[in-house]
Structure formats: C-alpha cells, structure tokens
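The sequence and the model come first.

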Amino acid sequence: QVELVESGGGSVQAGGSLKLSCNNSGSAATFYAMGWFRQTPGNERTFVSGISWGSGATYYADSVKGRFTIIRENEKNAIALEMSNLEPEDTGVYYCAKYRTWNVGQVDSWGQGTRVTVSS
C-alpha cells in the first residue's frame with residue numbers, strides 16, 4: 001500500500017524559496033523512482049522533477065533547471081523538492097508521484113497535492 005502525503009506549500013514572493021516534502025507512509029514505494037509534477041487550472045499535470053532509485057539520478061524540466069533540487073531521504077522514506085528563485089510561472093498545485101519502476105517512466109500513485117503561489 002502506498003500513501004503519499006505532501007507538505008510545505010504556501011505563498012511566497014518572486015525570488016523566494018520553498019521546500020516541499022513528500023512522505024510515503026507505505027513501504028511499497030521504497031524501491032521505486034519518485035517525482036514531482038505541477039498542475040495549473042485548465043492544464044494538464046506536467047513533470048517538474050524526478051529521482052531514480054539506486055543511482056539517485058535526477059531529472060528536471062527545463063523551466064526549473066538550476067532553481068529546483070530534488071532530494072531523496074531514504075531513511076525517512078521521503079523525497080523533497082527545494083525550490084529557489086521562484087517565479088510566478090511556478091504557481092500551481094504540486095503533486096508527489098511514485099513511478100512503476102526504479103527509474104522515471106509511468107506514474108502509478110499520486111499524492112493529494114500541495115499548493116504553491118508565487119506573487120510578482
């Protein structure tokens with residue numbers, strides 16, 4: 001059983017920073033890739049960042065490279081997304097995701113989402 005719970009969202013001014021956390025309360029997600037997606041009203045959920053199991057290879061959307069860092073906290077069975085130099089375009093609901101395998105690919109579990117609002 002996998003249960004992903006996000007936290008850390010909020011409101012911040014452009015240029016500010018936030019850290020999102022995703023805790024997995026089920027052991028089934030321990031050996032799988034994890035990631036973050038973002039969704040804005042009227043748009044599809046889009047990939048933001050992912051991290052594989054094992055090698056810890058990280059992946060980022062072009063729009064967040066150099067500003068966001070994904071971290072895997074294996075001892076806590078959790079991942080985090082450190083976001084800096086935030087832009088209004090980063091506004092949205094951020095969802096934690098578990099992938100089907102050890103590397104990023106198809107998502108099979110989602111968290112409930114946490115909202116991030118960046119004001120100019």
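## Contacts and placement of selected residues

Leaving aside residues up to four places away in sequence, Y95 touches E6, G35, W36, F37, Q39, R45, W110, G111, Q112 and G113, where a contact means heavy atoms within 4.5 Å. Y95 belongs to strand 9; strands are DSSP runs of E with at least two residues, helices are runs of H or I with at least four, and both are numbered from the N terminus. With a relative accessible area of 13%, Y95 is buried. Buried stands for under 20% relative accessible area, exposed for over 50%, and partly exposed for what lies in between, using a 1.4 Å probe and protein chains only.

The model is predicted: local features need pLDDT of at least 70, side-chain atom pairs count only at pLDDT 80 or more, and totals for chains, interfaces and linings use all residues. Residues are numbered from 1 along each chain as its sequence is written, and side-chain values use heavy atoms, with hydrogens and water left out.

A14 sits in the loop between strand 2 (10-13) and strand 3. A14 is partly exposed, because its relative accessible area is 41%. Not counting residues up to four places away in sequence, the contacts of A14 are L86, P88, V118, S119 and S120.

V107 lies in strand 10, which covers residues 107-110. V107 is buried, with a relative accessible area of 19%. Beyond residues up to four places away in sequence, V107 touches F37, A97, K98 and Y99.

P41 is found in the loop between strand 4 and strand 5, and its relative accessible area of 77% makes P41 exposed.

| Pair | Separation in sequence | C-alpha to C-alpha distance |
|---|---|---|
| A14 and E3 | 11 residues | 32 Å |
| Y95 and A14 | 81 residues | 21 Å |
| V107 and A33 | 74 residues | 9.1 Å |
| P41 and V93 | 52 residues | 9.0 Å |

## A positive phi

N85 is located in the loop between strand 8 and strand 9. Its phi is near 50°, a positive value in a residue other than glycine. Most residues other than glycine have a negative phi. N85 counts as partly exposed, since its relative accessibility is 45%.

## Nonpolar cores

A nonpolar core is here a set of buried Ala, Val, Leu, Ile, Met, Phe, Trp, Tyr and Cys residues joined through side-chain atoms within 4.5 Å. The largest such core has 21 residues, and W36, F68, I79, L81, M83 and Y94 touch the most other members. Two or more residues of this core come from each of strand 3 (18-24), strand 4 (34-39), strand 5 (46-51), strand 7 (68-73), strand 8 (78-83), strand 9 (92-99) and strand 11 (114-119). A second, separate core holds 5 residues, including A33, F37, A97 and V107. In soluble globular proteins, nonpolar side chains tend to be buried together.

## The chain as a whole

The chain contains 0 helices and 11 strands. The C-alpha trace spans about 40 × 25 × 25 Å along its principal axes. For 120 residues, a compact globule would have a radius of gyration near 14 Å, and the value of 13 Å for the chain agrees with this; the radius is taken over C-alpha atoms, and the globule rule is 2.2 Å times the number of residues to the power 0.38.

Of the 120 residues, 42% count as buried. The chain exposes about 6,100 Å², of which carbon and sulfur atoms supply 47%; areas come from the Shrake-Rupley method with a 1.4 Å probe, and for residues only the protein chains shown count as cover. Among contacts between residues at least 6 apart in sequence, 56% join residues at least 24 apart.

The mean positions of the 10 positive and 11 negative charges are 3 Å apart. Lys and Arg count as positive and Asp and Glu as negative, while His and the chain ends are not counted. Each charge is placed at NZ of Lys, CZ of Arg, CG of Asp or CD of Glu.
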